[in-house]
Amino acid sequence: MSAAVKQFRARYGVEPTIRIEAPGRVNLIGEHIDYLDGWVMPAAIEPRITLLAAHDPSACGIEVWSAERGGMVHQLSTSEFKVRSNPEEAWLNYLVGVLAVYGDRGIRVPVCRVGIFSTLPSGAGLSSSAALETAMALLVEALIGKQTSARERALLCQKAEHDWVGVPCGIMDQFAVGMGAEDYLLKIDCRDLKVEPTPLPRAVSLVIADSGVKHALGDGEYRKRRDDCEAALAVLEASSFRDVSLELVNQFRSELGDRLFRRVRHVVTEMRRAGDFANALKAGQLDDLGRLMRAGHDSLKNDFEVSCAELDFLVDAGYAFGPDRGQLGSRMTGGGFGGSTVHLVREEVAPAFLKHLKAEYRRAFDVDLNCFVTRAAGAAKCELILSAPSTR
Ligand code: ADP
Ligand code: MG
């Protein structure tokens, strides 16, 4: 029996009957363009949120407890949805948001007990928020016995994050968590929401390094970038960045002014890089990936200004390990302002690469780097736990 099941039983005194696993995600290229009709290339990853639940008529509403958030059991109403403004309870808004968006569609869940367990760092740019929302959405569907499509579910979860958490995220996170496939990156066209799974060779490992610097996307910078892009689109008199060429951006350089010009240059060049990355991967031209990831990182750092010293350091340390020793590419991943870097390395050198990053980070910042090797993982899923047969 898993440690999570034991903890659930100890907490609630009942057996869980539903187990949901929702992976985190890492994005390889196409950063900050998911909300601008661009292409992104994320993968679901092995670290995940596990949600255990039991439908239990004696529960007081929906009782929820997160092992990562202390011992407290919180009660959520099945019918009245309120934003929690106390910072200690802010994480509940992801769950309330999901209940509310399903509630808007006439779906009311029965009372139950819920335990949340995680191997996914939170606030590290690896989408623990989307994993939490998706796990909750799968729970709602399991409890009412009716499944929606992965795409519809992802859109509902995105709406929950917009309306109940106040983060105007794009669709990448929820799509990657809900539609990931083992050993595949997903090329997502954020304009028409088409998803094209693209194989990642098994000889390539994903290394993720959590800088330990916490971002605060809800706190304004993310929104400012979105506002900048909207303002730039108005100057360019375009309705979508997909219709904007670099030549047009250059023509409007003085009208845009320095800041907006750099924001748009990131968006337009990142769209091109995402397409080139997908083509290089399909053609097996792994050596091109590093150049594109390096250019993507530099653009996020200099033009979009969402990197930080720790991320820049980790990316430079990645390239210092060297392509000739099996490092294929490195860049920051996720919204930025802290969070994580992602590195593609040849499978056989992954342990040496980890050791190198950890040693360099300790030397520079005197802290332990949380760094791990992972593979592209499968999508979030729900299973019913059958009770063990009686031994009497
Ligand atoms: P990211 O999605 O990159 O991890 P976010 O800031 O979008 O970063 O989401 C992190 C938030 O998600 C946390 O602050 C918390 O509210 C919630 N969260 C993530 N994991 C858990 C967990 N195991 N238990 C409770 N809340 C969690
Ligand atoms: Mg998030």
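## Strand β3 and its partners

β3 and strand β13 (residues 376-377) run antiparallel to each other and are joined by two bridges; strands here are DSSP runs of E with at least two residues, helices are runs of H or I with at least four residues, and both are numbered from the N terminus. Two strands count as paired if DSSP finds at least two bridges between them. Within this pairing, Ala44 has Ala377 of β13 as its bridge partner.

How many of β3's 14 residues are buried? The count is 12 for this strand, which spans residues 42-55 and is mostly covered. Buried means a relative accessible area under 20%, exposed means over 50%, and partly exposed is in between, using a 1.4 Å probe and the protein chains only.

## How to read the model

This is a predicted model, where local features need pLDDT of at least 70, side-chain atom pairs count only at pLDDT 80 or more, and totals for chains, interfaces and linings use all residues. Residues are numbered from 1 along each chain as its sequence is written, chains are lettered from A and ligands numbered from 1 in the order in which they are written, and side-chain values use heavy atoms, leaving out hydrogens and water.

## A three-stranded open sheet

Next up is an open sheet with the strand order β2-β7-β8 and antiparallel pairing. β2 (39-40) and β8 (194-199) each have a single partner strand, so they stand at the edges with one side lacking a neighbour in the sheet. Two bridges connect β2 with the antiparallel strand β7 (residues 184-189), and Val40 has Ile188 of β7 as its bridge partner.

Helices pack against these strands. Helix α5 (residues 172-179) lies across β2, β7 and β8, at about 140° to β7. Helix α8 (residues 253-282) packs on the sheet as well, touching β2, β7 and β8, and its direction makes about 45° with that of β8. Contact means heavy atoms within 4.5 Å, while the angles run from 0 to 180 degrees between N-to-C directions of lines fitted to C-alpha atoms, for helices over the stretch in contact.

## Around ligand 1

Which residues come nearest to ligand 1? Of the 17 around it, they are Ser66, Gly123, Gly125, Ser128 and Ser129; a residue counts as near if one of its heavy atoms lies within 4 Å. Helix α3 (residues 128-144) gives the most to this shell, with three residues.

The backbone takes part here. A backbone N or O atom of Gly125 is 3.0 Å from an oxygen atom of ligand 1. For Leu126, a polar backbone atom lies 3.4 Å from a ligand 1 oxygen, and a polar backbone atom of Ser127 is also 3.4 Å from an oxygen of the ligand. On its own ligand 1 exposes 560 Å², and the protein buries 86% of that; these areas come from the Shrake-Rupley method with a 1.4 Å probe, and for residues only the protein chains shown count as cover.

Most residues other than glycine have a negative phi.

Asp37 belongs to the loop between β1 and β2, and at 23% relative accessibility it counts as partly exposed.

## Two arginines

Are Arg19 and Arg331 buried or exposed? Arg19, in strand β1, is buried, with a relative accessible area of 16%. Its side chain makes a polar contact of 3.3 Å with that of Ser2; a polar contact is a pair of N or O atoms within 3.5 Å, and within protein one must be able to donate a hydrogen and the other to accept it, with residues adjacent in sequence counting only if both atoms are side-chain atoms.

Arg331, in strand β10 (residues 327-333), is buried as well, at 0% relative accessibility. The side chain of Arg331 reaches the backbone oxygen of Leu28 at 3.1 Å.
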